[in-house]
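I opened this notebook page to record strand pairing and charged contacts. The entries follow in the order of my look-ups.

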Amino acid sequence: MTNVINQEISVNAFYFAGQAGGKGIKTFPREIEYGGQDITFANGLRYLVRKGSEAVRVFDMSGADGLTYRLRQQGNSWMLVGTKGAVR
């Protein structure tokens, strides 16, 4: 089930993945604050979406709660677009 949220969030921590010393290093959010709770991610996917000359990063991150969180980064702003996963 998909839950649309579209709410600005804070990213508390990041991690890096890719080849050390190369151009392949990418940043990913490790932990966000949403609804008064800290949500930690184990891993995820990152997409770069271009709108004309503007670039937006979209992340699908796996939470320890079994949900997938879609995040959008535009400049220094972060938004939780929604969640997807089983209903408990």
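Is Asp60 buried or exposed? I found Asp60 at 14% relative accessibility, which counts as buried; buried means under 20% relative accessible area, exposed over 50%, and partly exposed in between, with a 1.4 Å probe and protein chains only.

I noted that this is a predicted model, in which local features need pLDDT of at least 70, side-chain atom pairs count only at pLDDT 80 or more, and totals for chains, interfaces and linings use all residues. Residues are numbered from 1 along each chain as its sequence is written, and side-chain values use heavy atoms, with hydrogens and water left out.

Salt bridge. I searched the whole structure and found one salt bridge, defined as a side-chain nitrogen of Lys or Arg within 4 Å of a carboxyl oxygen of Asp or Glu. Arg70 and Asp60 form a salt bridge through their side chains, at 2.7 Å from N to O. Because Arg70 lies in strand 6 (residues 68-74) and Asp60 in strand 5, the pair ties together parts 10 residues apart in sequence. Arg70, at 36% relative accessibility, counts as partly exposed.

Strands. I took strands as DSSP runs (E, at least two residues), numbered from the N terminus; two strands pair if DSSP finds at least two bridges between them. Strand 4 runs antiparallel to strand 5 (residues 54-63), joined by 10 bridges. Arg50 stands opposite Ala55 of strand 5. Their hairpin has two residues between the strands, and Gly52 in the turn has a positive phi of about 65°.

I then looked up strand 3 (residues 26-34), which is antiparallel to strand 4 (residues 37-51) with four bridges. Ile32 has Ile39 as its bridge partner in strand 4.
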